[in-house]
Amino acid sequence: MDRRRFLHDAAFWSLSWSLALQWPFLSAANPPAHAAPGNLILAKVGMGKGKDYPRLVRQVVTLVGGMHAFVKPGARVVIKPNIGFDRPPEMAATTHPLVVRTLAEMALEAGAGQVRIFDRTCYEARRCYQNSGILPAIKAMDHSKVRCDYIDRRKFVTINIPQGRNIKSWDIYRDALEADCYINVPVAKQHGLAGLSLGLKNSMGVLGGNRGHWHRQLEQNLADLATVLRPTLTVIDATRMLLRNGPQGGNLRDVKINDTILASSDPVAADALATMLFNRTPAEIGSTAAAAKMSLGTMELNRIQSVVVP
């Protein structure tokens, strides 16, 4: 796609997205489908805006098939939020606890045999888990099949990444690899090195070893990881967006309340549309472009059907 065509499509999508979110009267029976006529649709992204986050999570997941499409009875489900920083939810450095809890509830309703929630944190794990609000939210469920676990370093296993262009093998958390359903739940935020931290970046939380090594050629490395760890479902939490000083932030002046959530089975498409919330194009984010180039999903806006919560 040449630059003129891309900018045309980006403007079309940006306008469609903006208008759709301002039209709460749209009929549920006739949700808008924004796709350029005559183009092959490769991915669907559900998205919506609202302040009732549990309800919004349910609505956007329903738009892409419903949780029953992803979680089968007895399934081992992993929910991977961003719990990496010792920040309260309002700072937008970590995934909102209500989003995580609602996904766990939905997985149980779909018949999950177990639900595991974890992240390899950047700072002291107990403080991150507690102050993010995610551990208290999951504990409050008081359900024997749901656990918010700290990382157990004995569970990292070395696996080959045969399609990797930079990374050929690495230690990855076994629970993530063995899950029947892996739900990736990043918070949408600015990142000093990656540009933005969305779904592809969030999966770094299942890596063992020295993750600092990954910061060299980070974009391609994240695409390499996506060849062996492909989420069944990606849910992007843009209820609050960290616009500056990411990934950990720390100042409410850097946070935009956006009350938006996106969901897709295509992790690249989900990242591509979330990028536009920051008034940026998918091609500007190296990990998105690298993953699309490896055919791990699509970032071409005219090949993504966006379906908006009415």
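Contact, in what follows, means heavy atoms within 4.5 Å. The model I am showing is predicted.

I'll start with Thr102. Thr102 sits in helix H3, which covers residues 97-109. If we set aside neighbours within four places in sequence, Thr102 is in contact with Pro54, Val57 and Arg58. Is Thr102 buried or exposed? Its relative accessibility is 2%, so Thr102 counts as buried; the cut-off for that is under 20%.

Next, the backbone. Most residues other than glycine have a negative phi, and most peptide bonds are trans.

Ala92 is one. It is not a glycine, yet its phi is positive, at about 65°. You will find Ala92 in the loop between strand E3, residues 76-81, and H3, the helix that holds Thr102. Ala92 has 0% relative accessibility and therefore counts as buried.

Gln217 is another. Here phi is near 60°, again a positive value in a residue other than glycine. Gln217 belongs to the loop between helix H7, residues 199-202, and helix H8, residues 218-226. Is Gln217 buried or exposed? At 54% relative accessibility, Gln217 counts as exposed, because exposed means over 50%.

Last, a peptide bond. Which residues does the cis bond join? Gly246 and Pro247, with omega at about 15°. Pro247 is in the loop between strand E11, residues 233-242, and strand E12, residues 255-264.

That is what I have.

Notes:
Residues are numbered from 1 along each chain as its sequence is written. This is a predicted model: local features need pLDDT of at least 70, side-chain atom pairs count only at pLDDT 80 or more; totals for chains, interfaces and linings use all residues. Side-chain values use heavy atoms; hydrogens and water are left out. Helices (H or I, at least four residues) and strands (E, at least two) are DSSP runs, numbered from the N terminus. Buried means under 20% relative accessible area, exposed over 50%, partly exposed in between (1.4 Å probe, protein chains only).
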